[in-house]
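Work through the following exercises with the sequence and the coordinates open. Each task is followed by a solution in steps.

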Amino acid sequence: MPDTSPHESAPRPRRLLGRGYTPAQVRASLWYIIVAWFFGAGFFTLSNGATLTAFLTKYLQTDDGSFGIIMALPMVAVVLQFVGSYLTERTGLVKRHFLIWATTHRLLWLLVALVPLLLPHGEGAMQTGRIVLVGLVIFASAALANFGGAGWMSWMSDIVPRALAGKFFGLRSSLGMVSMVIFALGGSFLIDAFQNAGWVYVLIFGLAALLGAADILLFLPVPEVPRPPEGARMSPWVILTTPWHNRIFRWFAGYIATAWIAYMMMGPFVWRFCIETRAHQGLGMSLTLANWLLFLIPTLIMAMVSPLWGRAVDRFGAKAVLVTSSVAAAALPIIWLFMRPGLEWLAWSVAILSGLTWPGIDQSLIYMQVKGFPDERRSAYNAMLAVVLGLASAVGVFLGGQLATFWQNHPSLLAGLPDWVSHYQPMFATSIVLRAVAIVFLLSRLPLPNTAGQRTVYRAIAGELSTSVSRTVRRMLPPKR
């Protein structure tokens, strides 16, 4: 992909080895960065998704509104990115702050693990207290994560060679997805097998904290070449305003904000829709089945195709890949508008197609964070983008909870629709419309070169996938005599 930054010319050969790093340091660092994500992915799997949804829905018995607020809290904490980015730019250092604060962020989940142990039951004020306590701990953990991790992408952009960025992060994602499958299967099995017993959540969240700490501590051997510090000349106002002077960033941030409001308006509530009982207008799935459909199958497929999408970003550019995947992300959820008990099999097609197409969004976003914006004050760009993502996600989850509550409290507005339509479907429809609006009015105008159409990108991915599968099958077959 050609360098689209207005502040940079074509990359020089020395930059391909990393700013100030020797080839040996780069090779060793890449290994640690990849391996660490196996543990990090395990942390995020056990502290989010199916396990957190089951904990809030089945164990703490939150309603849609409370669920939406708790899920939004860690996303609001993203504003701490500004403080962390300011510290990074003032000092030119990332590693020390990252190790201290990100490790603390992970270990705070030990407090969530203690809730079922110390407060196993609650009614009235006690129940409300448990919910508030969990929300506050999750918020505090996320705040430390954003403060300590503000400069991580800038650190990685110095180490990871530009020419290998797409492929490298695709491989890193694949290893993480293998970890996600392992821990997601184990977590959902325990929750279903022991029927939401409190000790299961103690085990799950305690293990998540330890895995998360291991992820961060594996960066101890990774060297850091400090960036030139801004010192006293650096103003917090610069962190806030610098990214918005960049035309590419303005359009990209606008699209990301709109799209993520739409994604998060629907995503967490699909989980609730699946595991809620049919008496509460859910599909009544077990957590294990919901995990397979919403997480495991897409993740297994993503583990296989993420490197292909990463190479597609290197070949066609971020915009072409982002458009291709975003259109799929807007069309596939339509199936959920017709989902009802007895038609759960439709979710299998969504799971497969989502796994094949979502990595394009993931890899495009990573590429833009690492290589899409100017090197100068890159942490400010990434901090602002993280804030945009976090606040948009918070707004989306909060709106999803409020919309679900509204439709649940006003069933008469759904009169005339089939009886199987739940209070979730109107909210899903709103999300789908907003996704389409984001593509038509924002993504299409993103000032990046669109070097290939959707068919070209899909053909390239399909061709590489076919070649990869054929090569694997040939290796499995007995040799010809």
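**Exercise 1.** Identify which residues form the nonpolar patch on the surface, and find the helix that gives the largest share of the patch.

Solution. The model is a predicted one. Step 1: the patch consists of Leu289, Trp292, Leu300, Trp345 and Trp348. Together these residues have about 500 Å² of accessible area. Step 2: helix α13, residues 287-316, supplies three residues, the largest share of the patch. Step 3: Trp292 lies in α13. Its relative accessible area is 30%, so Trp292 is classed as partly exposed.

**Exercise 2.** Sort residues of helix α6 into buried and exposed, and determine how the buried ones are placed around the axis.

Solution. Step 1: α6 spans residues 109-118, and its buried residues are Trp109, Val112, Ala113, Val115 and Pro116. Step 4: the cover over the buried residues of α6 includes α1 (23-47), α2 (49-59), α5 (95-107), α7 (125-148) and α10 (198-217).

**Exercise 3.** Is histidine 105 buried or exposed? State which residues histidine 105 touches.

Solution. Step 1: histidine 105 belongs to helix α5. Step 2: the cut-off for buried is under 20% relative accessible area. Histidine 105 has a relative accessibility of 7% and therefore counts as buried. Step 3: leaving out residues up to four places away in sequence, histidine 105 touches Phe43, Ser141, Ala142, Leu144 and Ala145.

**Exercise 4.** What is the average pLDDT of the protein chain, and over which residues is the pLDDT below 50?

Solution. Step 1: the chain average is 88, and 95% of the residues score at least 70. Step 2: the pLDDT is below 50 over residues 1-17. Step 3: in the model, this stretch has 32 contacts beyond near neighbours in sequence.

Key:
Residues are numbered from 1 along each chain as its sequence is written. This is a predicted model: local features need pLDDT of at least 70, side-chain atom pairs count only at pLDDT 80 or more; totals for chains, interfaces and linings use all residues. Side-chain values use heavy atoms; hydrogens and water are left out. pLDDT is the predictor's confidence in each residue, from 0 to 100. Contact means heavy atoms within 4.5 Å. Patches are made of residues with over 30% relative accessible area and no salt bridge: like charges are joined within 9 Å, nonpolar side chains (Val, Leu, Ile, Met, Phe, Trp, Tyr) within 5 Å. Accessible areas come from the Shrake-Rupley method with a 1.4 Å probe; for residues, only the protein chains shown count as cover. A salt bridge is a side-chain nitrogen of Lys or Arg within 4 Å of a carboxyl oxygen of Asp or Glu. Helices (H or I, at least four residues) and strands (E, at least two) are DSSP runs, numbered from the N terminus. Buried means under 20% relative accessible area, exposed over 50%, partly exposed in between (1.4 Å probe, protein chains only). The arc is that of the directions from the helix axis to the C-beta atoms.
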